[in-house]
Amino acid sequence: MKRREFLRRLGVGSLAAMGFSRFALAQARPVKLAALLPLTGPFAFAGNAGREGFVDGVDYVNEVLGGIGGRRLELIVEDTGYDVARGTAAFNRVISRERADELLFVYGDSTGLSKALAPEIARIGLPYSATSFANELADPKTYPTIFVFGPTYNDMVEALLRQVRLQKGRAKIALVYSNTEFGRDPIPYAKERAKALGMEVVHEEVTPPAFTDATPVVLNLRRANPDFVILQGYALSVEPLIVRAAREQGLQAQFMGTYYSAELALIQRTGPAAEGFIVTYHNAYWYDTLVPAVNEMRKFRQRKGRDTSYRPTYYMGSLAVALGVAEAMRRAAAAGKLTRAGVVEYLEKIGDYNALGLVRGYQFVNHRIPYTKLYRASVKDRRFNAITDWIKLA
Amino acid sequence: MADFLPYLIGGLANGALYGLLALGFVLVYRATSVVNFAIGEFLLVGAYLTYTFALFLPLPLAILAALPLAFLFGLLVERGFVRPLLGRNVVAVIMATIGLAAALDGAVQLIWGPDLKYLSGSLPNLGFQAGEVFVSSRAVWNLLLALPLGLGLLWLLRRSRYGILVRAISEREVAALALGIPTARILAGVWGVSALLATLAGALLAVASGVGHNLVFFGLKVFPVAILGGLDSVGGALLAGFLLGALEALSQRYLEPLLPGFTEALPFVVVLLVLLVRPYGLLGERQIERV
């Protein structure tokens, strides 16, 4: 053996001994996932919790699951300030800066931003999801690369209306929603379905997304005297105001909300009046210690020296997206298809994966996961308790 | 009447907070000609100060404890941001307050974190039933605190020595300086009072809806209120606050079913209509400038 050949073999042997796979993981070009989140502004509380979910998810994929087919998963985070213009600028910045064969998934914020970006996302074939559960986004014919990691707002309202029907046959419903894309999204469906289910929509109230006095809203509700009030499009900004004022003024109606009302802050801010508030929610709660994913992430965060106290629903949602997308990427890599098209293909094929019980399963139907549970607020327990098993919505 | 009255009372109670905040805004504008675009952030800081004290004090005491600190905060803002820019181009001062707003937004998030907060205690329940009309505890507290405070401040401005000095400075600062009036100290005090009023409004809002960045949006309402009342009229600010609060509540009752979403635009529509007739606002001083 010549000296040069000997040295080459020695080098390779040493690398193998030192853990070549680790070396390769560090050296190969990374696979990138970008998250455009509201880290500042009115939804900073959700954006920062969401970022934490992505950071944990990506770290877990790299450190425990071995990355994506030998490549490291890299997270890019940009602040949108919950502003469509800033979000669009952040999107354009990321898209123009990153290579198309490295940036394989983008996660955006808000219904408004996602609808604004949707045509461009479809044009460049970029796998995308968002904090939004807007019905329009779950349309693989128009937007073949957009996925909604949960039920749409229409699905959530469907689940609530089914619960209404269970509790009272010909119920009177009131719809209170913000004058935003987020608020308006499921309203036409809610009105149509309520009618089809034999219910009567006795009142409809459009409000700004944030306001400071719920008196006129509650007085209007009192005049309509509904059995159930569905709140949509607020993300905890005004639900406590409305519910507290309603109880103070003697309104007995049952209050309900969708995914963004399903956070413990609703109970904390509303106080005793929160009792019985029903929400839809489709991931595990941090306090669901029987769910393996929750225990696993608690241990993982402990190992990393991170806070293991309660993590909000926005954290759980982002974690579910990060793990689901990583699984699709890993399967695409194993099939030699680690491209944007490959990620889309394998997102549609990971129905058997449930991220250790974090979600029911990534079973996309028309690019959304049509399953949810209903939870009821318990002031005594200071948490939402499940009142149904998984409800199939498609 | 029984249908109309609860809306009116609720609206006036909310308008009391508009008035309180606008009072501080107009006071600063009148004394220093500075349009404080950071007024929403003053309210935010005040709400967070109250939250901090409420962690270890009963809520009424927490509000009382937050007020002097808020006054101090106003003094610091005046000393650090405003005084160095006095006499400069008005646009520079406006830009500085916009920058201040962004800096305070960031500082609040850094200090208190982005999580939603809530006040653990509550104010004593003063709600009552008067015939068929229920008056909520929140409405009583808003009116009970804002109305005497606003009227008292008006009285102080008109009758007290301090008020006369403030008015003298706002009329002609150079002449006030020549007369030996401690202009800098008094103007700093005006900023302190403005921060104090914003803190009280912030605390009352936080009691009802918790503490979070969304409180800043309440600050945006100060502009239509102040313009409607007259940018240089302290009494006008109070009056316009009540007026807009009541109009919003009545619009939510009578116009919203016909024009969904209209109430959100109402303050600006009202301002536009009033300005067409009275360009200087309801109680603003009529000024004619030769150009």
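Q: How many residues of domain 1 of chain A are in contact with domain 2 of chain A?
A: Here 16 residues of domain 1 of chain A are in contact with 15 residues of domain 2 of chain A. Contact means that the C-beta atoms of two residues, placed from the backbone, lie within 7 Å. This is a predicted model, where local features need pLDDT of at least 70 and side-chain atom pairs count only at pLDDT 80 or more, while totals for chains, interfaces and linings use all residues. Residues are numbered from 1 along each chain as its sequence is written, and chains are lettered from A and ligands numbered from 1 in the order in which they are written.

Q: What makes up domain 1 and domain 2 of chain A?
A: Domain 1 comprises 10-150 + 287-363, and domain 2 comprises 153-281 + 374-392; such bounds come from an automatic or database domain assignment. The C-alpha centres of these two domains of chain A lie 31 Å apart. On the side of domain 1 that touches domain 2, helix H4 (residues 111-124) of chain A gives the most, with three residues. Helices are DSSP runs of H or I with at least four residues, strands are runs of E with at least two, and both are numbered from the N terminus.

Q: Why is A:Pro370 called buried?
A: A residue is buried if 20 or more other C-beta atoms lie within 10 Å of its own, exposed if 12 or fewer, and partly exposed in between, with C-beta atoms placed from the backbone. A:Pro370 has 23 other C-beta atoms within 10 Å, so it is buried. A:Pro370 lies in the loop between helix H13 (340-347) and strand E10 (371-378) of chain A. Leaving out residues up to four places away in sequence, its contacts include A:Pro151, A:Asp155 and A:Lys392.

Q: How do you know that helix H9 (residues 239-248) of chain A is mostly covered?
A: Eight of the ten residues of H9(A) are buried; among them are A:Leu241, A:Ile242 and A:Val243. The buried residues of H9(A) pack against several elements of chain A, including strand E5 (172-178) and helix H10 (264-270), together with H8 of chain B. H9(A) is followed by A:Gly250, whose phi is positive, near 80°.

Q: Which residues of chain B does UniProt list as "transmembrane region", and what is the chain like over 57-77?
A: The unreviewed UniProt entry lists residues 6-27, 34-51, 57-77, 89-112, 139-157, 186-211, 223-246 and 258-277 of chain B. UniProt positions are given in the numbering used here, feature names are shortened, and annotations may be inferred rather than shown by experiment. Over residues 57-77, chain B is 90% helix and 0% strand, with end C-alpha atoms 27 Å apart.
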